[in-house]
Amino acid sequence: MAAIIGDNIISPMGFTTEENFQAVRLGKTALRHFDSADGIPFPFTASLFTKEQIDGLKEENLTRFESLAYHSIMSAITSHPEIISERTVLVLSSTKGNVGVLQDTENDKNIINLGEAARKISDKIGLSQSPIVVSNACISGVSAIILATRLIDADKTDNVIVCGVDEQSPFIISGFESLKALSESECRPFDIERLGLNLGEAAATLVLSKQNREDCWQIADGIIRNDGFHISSPSPKGEGAFQTLSKILEGTSIDDIAVVNAHGTATMYNDQMESKAISRAGLSEVPANALKGYFGHTMGAAGVLETILTMRSVSEGIVLGTRNFEELGVSGKVNLSSSEQQTNKSSFVKMISGFGGGNASILVSRNYKSERKQLKNQFKISHRVILTQDSLSVDGESVKVEHSGDKLLTALYKEHLGDYPKFYKMDSLSKLGFIASEILLRTENAKDIENTPSRGIAFFNSHASYGTDMAYVDTIRDKDNFFPSPSLFVYTLPNIVTGELAIRHHLLGETAFYILPNKDWNRITDIIECMFCDEQIDSVIGGWVEYINSTSFEANIFIANKTN
């Protein structure tokens, strides 16, 4: 059982957890209105660091993104020097990492390589283990916490430093604007007058350990589910979110829950979906809140930041209010208030959802009464497909191909599928993972590969969605010819490929995308073994899916079946 032994939040409202907590209690917000900003020719409201704050956080030889993560981590581990050991790993949670510098370094793939950024941070901290990046859209932070807990319970490591971090840039702000998701005024989660979200930037760190400590918070349970509905819109009934809530509440009395901390983006569909999931899970009477009105949507940091603040508030016997909330504007019954409330309970739920159909929830409890489980999971690979720019092999047998590069992907689509025109709308990374997976599943020849909640998806690479990132940059490079593409922007999230597969085959289990510094099969094996900590998952489509350009790509994927 993973115990939380340290934490930190760095945001525009403060550089410590305590500073941020007290600011929220006073009703302060870091959200500010901007008529325009460098590279963003339209008004918006966001929570952004000032130039003075940025300068104060800058670390030599690290980018702004990396410096932000480094300072949060160092603050979180200050009182725990024993954490720096061979049995400690860094898990970084981020959606886009260094993408803000892409326009200035368009030919340098390494500077926006999230795996390389994590390695630089890990090395500077003094860790010897190779780091892991969770890039699972908005649910990245909670996904990282769940992975950290599993790594400890499976005895892969003793300590995990989870740092959620993202910075804002014209790339991201213009992308959300292209989706018509931004509100020009301050966001109003769950309110009848909500108009959309505000973006924010922050770094938040949790230190988890296998050490048994008295009077500490623990991650009692955590579940990830895909709703298989749409890559950028949630299931109207909140099916995926409901499944995660139902699972973590098994064996727990709802009367013990102090608060449900919702994602609460203040977008029309997210808040409506969450309200349905909360109501269906029997949590309508439990106090609920959303914190985006204080910090904005901090993307990869959100799940970690909001977990820390909820943990801190419940420790003080309070439930934080939802800023800017006045009148409920969703059909599901949710117990929200703009005012602070008292509580004497010692457990809470953090739920979150995101693009690609991902949903995640964790149950966090103080002094949770459970012996730490040593989880040993094994799997056997039944089939493997290796697809590169000029070759294809299936279960070790070479298959003759007559094309190369992107033409090969299209030819294979026509040969093996041909009746799923959405393929042509996908970015190249998604096409690669999609086609390789189709060939893999047809090789398996299962009688029914549809509607499979017991199957997960875990893909890995080093360069995330670099090619699509570059294509999107071209749509915002010229201020006089500014046309951010919503379809391109969604595909700049590497986990969208897992969502495409979930939608195609109704794979409603866990889906995740990880970035590693290099192709590390030992690390890949560890993470897939940890997925089987979820008792409902009995098989995983997993492996390496990397697309650099039309002359350099590789999918090396397999079906892993749990054997114990």
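A disulfide is a pair of cysteine sulfur atoms within 2.5 Å. This tour runs through a predicted model, in which local features need pLDDT of at least 70, side-chain atom pairs count only at pLDDT 80 or more, and totals for chains, interfaces and linings use all residues. Residues are numbered from 1 along each chain as its sequence is written, and side-chain values use heavy atoms, with hydrogens and water left out.

**Cysteines**

Cys138 has a relative accessible area of 11% and is buried (under 20% relative accessible area; over 50% is exposed, in between partly exposed; 1.4 Å probe, protein chains only).

The structure holds 0 disulfides.

**Helices α11 and α12**

Select residues 405-416 for α11 and 428-444 for α12. Helices here are DSSP runs (H or I, at least four residues) and strands likewise (E, at least two), numbered from the N terminus. The two axes come within 10 Å and cross at roughly 40°; axes are lines fitted to C-alpha atoms, for helices over the stretch in contact, with angles from 0 to 180 degrees between N-to-C directions. α11 and α12 are therefore oblique to each other (under 35 degrees is roughly parallel, over 145 roughly antiparallel, 65 to 115 roughly perpendicular, the rest oblique).

Show side chains for the contact (heavy atoms within 4.5 Å). From α11 come Asp406, Leu409, Leu412, Tyr413 and His416; they meet Ser428, Lys431, Leu432, Ile435, Ile439 and Arg442 of α12. Colored by class, this contact has 6 nonpolar, 2 polar and 3 charged residues (nonpolar: Ala, Val, Leu, Ile, Met, Phe, Trp, Tyr, Cys and Pro; charged: Asp, Glu, Lys and Arg; polar: the others, Gly among them).

**Helix α6 and its surroundings**

Move to α6, residues 170-178, and α13, residues 466-473, whose axes lie 11 Å apart at an angle of about 75°. α6 and α13 are therefore roughly perpendicular to each other. Phe171, Ser174 and Gly175 of α6 meet Asp469, Tyr472 and Val473 of α13.

How many of the 9 residues of α6 are buried? The count is 8, so α6 is largely enclosed by the rest of the structure. To see what covers these buried residues, display elements including β3 (44-47), β7 (199-200), α13 and α14 (486-490). Finish at Lys180, which follows α6 and has a positive phi, near 60°.
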